[in-house]
Amino acid sequence: MRAPALVTRMRPFTSTIFAEMTALATRTGAVNLGQGFPDTDGPTGMLDVAKASIDAGLNQYPPGPGTPELRRAIAEHRSRYGTHYDPDTEVLVTVGATEAIAATLLALVEPGDEVVLIEPYYDSYAASVALAGATRRTVGLVEEPGTGRLGLDVDALRAAVGPRTRAVLLNSPHNPTGTVLNRDELAAVAALCVEHDLVAITDEVYEHLVFDGLEHVPLATFPGMAERTVTISGAGKSFNCTGWKIGWACGPAELVGATRAAKQFLTFVGGAPFQPAVAHALRHELEWVEGLRTSLQDKRSRLSDGLAEAGFAVRPSEGTYFITADVRPLGFTDGAQLCRELPERIGVAAVPVQVFTDHPDQWRHLVRFAFCKRDEVLDEAISRLRELGV
């Protein structure tokens, strides 16, 4: 028997930081601000439709591309941005956005191709690129003088594109930093994709969770991008149902058809009774989502203020569930080491940003905290974090 059994390309991905930190939080009884899941349920109307769907017997395989009702609701929802998709040929329901990303890369990227990722990147991106047999190239966000915002380095992105580049995988609103790419940054990405005939794969799962009057602008809305962009999103973050794993991919029929060909041999289908519920949510619960956005903006500020009071240097968060903080003012130099000590030391779990990068030394000082928790949970975490400065 060959040892080790795991193929070389997947050996760096045997575990996730989220599983590690959540297990540590569970063992120590720590407040878990590491893994990004909310601790309250989504809209009651959506939950009621899911229950009714189970009672109505919608418990067997749904259609492979997703139920027609949900695909129509997704297409209607995307039209609010001015993008229009045929629900029969240009919308694919997936088992969460993670599967959509993996299936898209497996379908559209050949072994030996290069895929450009923005660093820090969500950990499944690197694993999916490896599954496809491709090579990742990373471009780091850069801290803007004066504001601390982590913005796109357009010159570095341009330099990363070469003759083997096939795709750019973009995440905005951005996990783990909370950056929301602005129109100028997105226009630069679009121009580069058009110039080099690249496929754009966009992860927009936090599309509704944008703060301070900023806007989410899909990359597919820029000139020349509709025909080359696979837009990925999902219900989990917008409707507090991360465990349902209902995601989707939208794009031109050729790209979505290719993605469907790969997806059908991953999970085939998923979440039959949840699909009518998500269709209901997309059509009838966006007012609830606006309330969620307002609540999360307040929670962002609550945790940001608390972290600053505890001695961290807090970076701006423009969206998502997350805020990053610099540990150096507290006398620490290694975020990963600190995150592994925090649960035992003061009873709080967080995630080091460096694990989402190919250049960890450049990100060693930043730690990610999730604020998608009840206020009393955040207040308890803040109280414990103040002990670091004592």
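**Reading salt bridges and a domain interface**

Reader: What is the relative accessible area of aspartate 39?

Author: Aspartate 39 has a relative accessible area of 27%. Residues under 20% count as buried and those over 50% as exposed, so aspartate 39 falls in the partly exposed class. Keep in mind that this is a predicted model.

Reader: Which residue forms a salt bridge with aspartate 39?

Author: To read a salt bridge, look for a side-chain nitrogen of Lys or Arg within 4 Å of a carboxyl oxygen of Asp or Glu. Here the partner is arginine 374, with the closest N and O atoms 3.3 Å apart.

Reader: How many salt bridges does the structure hold?

Author: There are 31. In one of them, lysine 263 pairs with glutamate 99 at 3.1 Å. Because lysine 263 lies in helix H8 and glutamate 99 in helix H4, this pair ties together parts 164 residues apart in sequence. Both lysine 263 and glutamate 99 are buried.

Reader: Where do aspartate 197 and arginine 228 lie?

Author: Their side chains meet in a salt bridge of 3.1 Å, N to O. Aspartate 197 is in the loop between helix H7 and strand E8, and arginine 228 in the loop between E8 and strand E9, so the pair joins parts 31 residues apart. Aspartate 197 is exposed, at 55%, whereas arginine 228 is buried, at 13%. Salt bridges can also share partners: Glu143, Arg315, Asp326 and Arg328 form one network in this way.

Reader: Which domains does the chain have?

Author: The domain assignment gives domain 1 (8-42 + 286-387) and domain 2 (60-284). Their centres are 24 Å apart. At the interface, 37 residues of domain 1 are in contact with 44 residues of domain 2. About 3500 Å² is buried between them, with carbon and sulfur atoms giving 59%.

Reader: How many salt bridges cross the interface of domain 1 and domain 2?

Author: Four are found. Polar contacts are counted separately, and 20 residue pairs make them between the two domains. On the side of domain 1 that touches domain 2, helix H10 (286-310), strand E12 (322-326) and strand E15 (366-370) each give two or more residues. H10 provides the largest share, eight residues. By type, that side has 18 nonpolar, 11 polar and eight charged residues.

Notes. Residues numbered from 1 in each chain as written. Predicted model: local features only at pLDDT ≥ 70, side-chain atom pairs only at ≥ 80, totals over all residues. Heavy atoms only, no water. Domains from an automatic or database assignment. Contact = heavy atoms within 4.5 Å. Buried area = accessible area lost by both parts, 1.4 Å probe. Polar contact = N/O pair within 3.5 Å; in protein donor to acceptor, adjacent residues only side chain to side chain. Helix = DSSP H or I, 4+ residues; strand = E, 2+ residues; numbered from the N terminus. Nonpolar A, V, L, I, M, F, W, Y, C, P; charged D, E, K, R; others polar. Buried < 20%, exposed > 50% of the residue type's maximum accessible area, 1.4 Å probe, protein only.
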